[in-house]
Amino acid sequence: MKRIAILTTLVLVAPLSALAMTAVGDVVGTNPQDATAALEKAGCSVRDFEAEGGMIEAKCTDEANRLWEVYIDPASGAVKKISGKD
């Protein structure tokens, strides 16, 4: 019985993890085309890019239409910070 519950949970959660938002440390790219593709693959539709505090700030929305600000290191293309807004 316990085994069935665990398997059921894994089957239900696995599809959601494929659509997980990008995380700090993920490399999305140093140019808008690569960053947009990576962020959209992670479920975040990019609206705009701007420079802020020595970082590239990508403003995007997730499937629930929540606004996210993803800060990208311009040299490495790595996500340094993610800020969510309601």
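A disulfide is a pair of cysteine sulfur atoms within 2.5 Å. The structure discussed here is a predicted model.

Q: What makes Cys 44 and Cys 60 a disulfide?
A: The sulfur atoms of Cys 44 and Cys 60 are 1.8 Å apart; the cut-off is 2.5 Å, so the pair is called a disulfide. A search of the whole structure finds one such link. The pair connects distant parts of the chain, with Cys 44 in the loop between H2 and strand E1 (45-52) and Cys 60 in strand E2 (residues 55-61), 16 residues apart.

Q: Which hand does the link of Cys 44 and Cys 60 have, and what is the angle about the S-S bond?
A: The link is right-handed, with 85 degrees about the S-S bond. As for solvent, both Cys 44 and Cys 60 are buried, a word that stands for under 20% relative accessible area.

Q: What makes E2 and strand E3 a pair?
A: Two strands pair if DSSP finds at least two bridges between them; six bridges join E2 to E3 (residues 67-72), and therefore these strands, which run antiparallel, count as paired. Within this arrangement, Ala 58 stands opposite Val 70 in E3.

Q: Why is Asn 65 called exposed?
A: Asn 65 has a relative accessible area of 56%, and exposed means over 50%, so the term applies. Asn 65 is found in the loop between E2 and E3, in a hairpin that has five residues between the strands. The phi of Asn 65 is near 65 degrees, which is a positive value in a residue other than glycine.

Q: How do you know that Lys 81 lies over the face of Tyr 71?
A: The distance from Lys 81 to the ring centre of Tyr 71 is 5.2 Å, to be set against a limit of 6 Å for NZ of Lys, which is joined by a second condition of lying within 35 degrees of the ring normal. Lys 81 is placed over the face of the ring. For pairs of aromatic rings, by contrast, the count comes to zero.

Q: What is Thr 36 in contact with, leaving aside its neighbours within four places in sequence?
A: Thr 36, which lies in helix H2 (residues 32-41), is in contact with Val 46 and Phe 49, where contact means heavy atoms within 4.5 Å. The C-alpha atoms of Thr 36 and Phe 49, 13 residues apart along the chain, are separated by 9.4 Å.

Q: How far does the backbone oxygen of Pro 32 lie from a polar atom of the side chain of Thr 36?
A: The separation is 2.7 Å, and the limit for a polar contact is 3.5 Å.

Terms used
Residues are numbered from 1 along each chain as its sequence is written. This is a predicted model: local features need pLDDT of at least 70, side-chain atom pairs count only at pLDDT 80 or more; totals for chains, interfaces and linings use all residues. Side-chain values use heavy atoms; hydrogens and water are left out. Helices (H or I, at least four residues) and strands (E, at least two) are DSSP runs, numbered from the N terminus. A polar contact is a pair of N or O atoms within 3.5 Å; within protein, one must be able to donate a hydrogen and the other to accept it, and residues adjacent in sequence count only if both atoms are side-chain atoms. Buried means under 20% relative accessible area, exposed over 50%, partly exposed in between (1.4 Å probe, protein chains only). Rings of Phe, Tyr and Trp (its six-membered ring) pair if their centres lie within 6.5 Å; planes under 30 degrees apart count as stacked, over 60 as edge-to-face and the rest as tilted.
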